[in-house]
Amino acid sequence: MRTSYKNVTGLGSAHKGVSHYIKQRVTAVALLILVPLFLFQFLASITTGYEGVMAWLGSPFGLGLSFLVISAMVVHMRLGVQTAIEDYFGGSLRTLALWLNGFFALVLWLIAIYALIKISF
Amino acid sequence: MSAERSDQRPLSPFTTIWRWHVTMVTSILHRASGVALYGGVFAMVAWLAAAAEGPAMYARYVHIMISWPGRALLFGFTLALSFHLLNGVRYLLWGRGIGYDKAAADRSAWLVIVLSSILTLAIWASAYWNLGLLAMGG
């Protein structure tokens, strides 16, 4: 028999483990393909200066690749750092660190999306 | 952490007691490089934001990043990214039950250390010689 005691005390499974595992691995496989592609294009674009970088980031391929790579990175990094926080911190410090982790991940993603939209228009 | 523990049950042995072995090094480096790459994503988003802001801000970003501290930072990110990417393949394969025995794990650990060093140097060699980073100043 189960009671809701564990929910009240905040112990026991939060039932987030499987989705965490799957998301971490799906983004890992995506990044395994996207990062080398992005890096190759990025290294080529920075030799062309500001105008060349803007042209690449504004092109459908450059925009799409940048959007995908930054999105996968932000999800992967948030989940990975979450695991590290859960390993090393406890109590209210853990709560604060987890909140900041989610906050920074979201803010970085939003800034990137804003920048990409601004560059393409 | 330990300061918050009220009971005095023994903790499992950690880095202070285990003999160092290569799979332990790669495991620690995987987490360290992953956390370091948080800064890498920050630098990447800052680059996008600088480009979106305009040519003056982009020039300032490039100026900071081609300074010697900037290059050291970028070299560190390249090393962290190369290692984390290649070592991540080991985790994905282990997830499929491949290469999980001790001998194979040791071999792949050394392989990843060597390959990620080569990859980092290759990326920087191409940046210097093909992209003319040296000529850009600094």
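## A crossing in chain A

Helix 3 of chain A and helix 4 of chain A pack with their axes 4 Å apart, at an angle of about 75°. Angles of 65 to 115 degrees count as roughly perpendicular, so these two helices of chain A, helix 3 and helix 4, are roughly perpendicular to each other. This is a predicted model.

Which residues make the contact? Helix 3 of chain A brings Trp56(A), Leu57(A) and Gly58(A), and helix 4 of chain A brings Gly62(A), Leu63(A) and Ser66(A). By class, the contact of helix 3 with helix 4 in chain A has three nonpolar residues, three polar and no charged.

## A second pairing in chain A

Helix 4 of chain A also meets helix 5 of chain A. The axes of helix 4 and helix 5 of chain A come within 10 Å and cross at roughly 175°. Are the two helices parallel or antiparallel? Angles over 145 degrees count as roughly antiparallel, and helix 4 and helix 5 of chain A are therefore roughly antiparallel to each other.

By class, the contact of helix 4 with helix 5 of chain A has 14 nonpolar, six polar and three charged residues.

Leu63(A) and Ser66(A) of helix 4 also touch helix 3 of chain A.

## The whole of chain A

Chain A has five helices and zero strands. Along the sequence, the pattern is α-α-α-α-α.

What radius of gyration does chain A have? The value is 19 Å, whereas a compact globule of 121 residues would be near 14 Å. Along the principal axes, the C-alpha atoms of chain A fill a box of roughly 65 × 25 × 25 Å.

Buried residues make up 21% of the 121 residues in chain A. Now take the contacts in chain A with a separation of 6 or more: residues 24 or more positions apart account for 67% of them.

Chain B has four helices and zero strands. The pattern along its sequence is α-α-α-α. Of the 138 residues in chain B, 24% are buried. Among contacts in chain B with a separation of 6 or more, 72% join residues 24 or more positions apart.

## Where the chains meet

In soluble globular proteins, nonpolar side chains tend to be buried together. Here the largest nonpolar core has 38 residues. Those with the most contacts inside it are Met73(A), Ala115(A), Val41(B), Leu48(B) and Ala51(B).

Which elements give two or more residues to this core? From chain A they are helix 2 (17–45), helix 3 (49–58), helix 4 (60–88) and helix 5 (91–120). From chain B they are helix 1, helix 3 and helix 4. Helix 1 of chain B supplies the largest share of this core, eleven residues.

Take Ala51(B). Leaving aside neighbours within four places in sequence, Ala51(B) is in contact with Val53(A), Met54(A), Leu57(A), Ala115(A), Ile119(A) and Tyr58(B). In chain A, Leu57(A) is also part of the contact between helix 3 and helix 4.

## Two partly exposed residues of chain B

Val22(B) is found in helix 1 of chain B. With 15 C-beta neighbours inside 10 Å, Val22(B) counts as partly exposed. Beyond four places in sequence, Val22(B) is in contact with Asp106(B), Ala109(B) and Trp110(B). Val22(B) and Leu79(B) are 57 residues apart along the chain, and their C-alpha atoms are separated by 18 Å.

Leu93(B) lies in helix 3 of chain B. Why does Leu93(B) count as partly exposed? Leu93(B) has 14 C-beta neighbours inside 10 Å, and a residue needs 20 or more to be buried and 12 or fewer to be exposed. Leaving aside neighbours within four places in sequence, Leu93(B) is in contact with Ile98(B) and Gly99(B).

Methods:
Residues are numbered from 1 along each chain as its sequence is written. Chains are lettered from A and ligands numbered from 1 in the order in which they are written. This is a predicted model: local features need pLDDT of at least 70, side-chain atom pairs count only at pLDDT 80 or more; totals for chains, interfaces and linings use all residues. The radius of gyration is taken over C-alpha atoms; the globule rule is 2.2 Å times the number of residues to the power 0.38. Two residues are in contact if their C-beta atoms, placed from the backbone, lie within 7 Å. A nonpolar core is a set of buried Ala, Val, Leu, Ile, Met, Phe, Trp, Tyr and Cys residues joined through C-beta atoms within 7 Å. Axes are lines fitted to C-alpha atoms, for helices over the stretch in contact, and angles run from 0 to 180 degrees between N-to-C directions. Angles under 35 degrees count as roughly parallel, over 145 as roughly antiparallel, 65 to 115 as roughly perpendicular and the rest as oblique. Ala, Val, Leu, Ile, Met, Phe, Trp, Tyr, Cys and Pro count as nonpolar, Asp, Glu, Lys and Arg as charged, and the others, Gly among them, as polar.
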